[in-house]
Amino acid sequence: MKMTGSYRPADDTMAPADEVTVEGDDYDALLLQLRERTPEGHVLLSVRMER
């Protein structure tokens, strides 16, 4: 399955969101990977799953 997360800088609510996609079989591991790939100082806005 694929998990895609969008993120933006925490202090700039007008900034366009960037996305990162990870693939694997374990939901918790994928969510952890998304959090790890979200740059410091950014907030994860949404998470989308594809099976």
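**View 1. Strands β1 and β3 pair in the antiparallel sense over eight bridges.** In this predicted model, local features need pLDDT of at least 70 and side-chain atom pairs count only at pLDDT 80 or more, while totals for chains, interfaces and linings use all residues. Residues are numbered from 1 along each chain as its sequence is written, and side-chain values use heavy atoms, with hydrogens and water left out. Strand β3 covers residues 42-50; helices (H or I, at least four residues) and strands (E, at least two) are DSSP runs numbered from the N terminus. Two strands count as paired if DSSP finds at least two bridges between them. R8 has V43 in β3 as its bridge partner.

**View 2. Strand β2 (residues 18-23) pairs with β1 in the antiparallel sense.** Six bridges join β1 and β2. V22 in β2 is the bridge partner of M3, and E19 in β2 stands opposite S6. Strand β1 spans residues 2-9, and six of its eight residues are buried (under 20% relative accessible area; exposed is over 50%, partly exposed in between; 1.4 Å probe, protein chains only).

**View 3. The open sheet has three strands in the order β2-β1-β3, with antiparallel pairing.** Because β2 and β3 stand at the edges, each with a single partner strand, one side of each has no neighbour in the sheet. Neighbouring strands are turned by 25° against each other on average, direction ignored. Helix α1 (residues 27-37) packs on the sheet and touches β1, β2 and β3 (contact: heavy atoms within 4.5 Å). The direction of α1 makes about 145° with that of β2; axes are lines fitted to C-alpha atoms, for helices over the stretch in contact, and angles run from 0 to 180 degrees between N-to-C directions.
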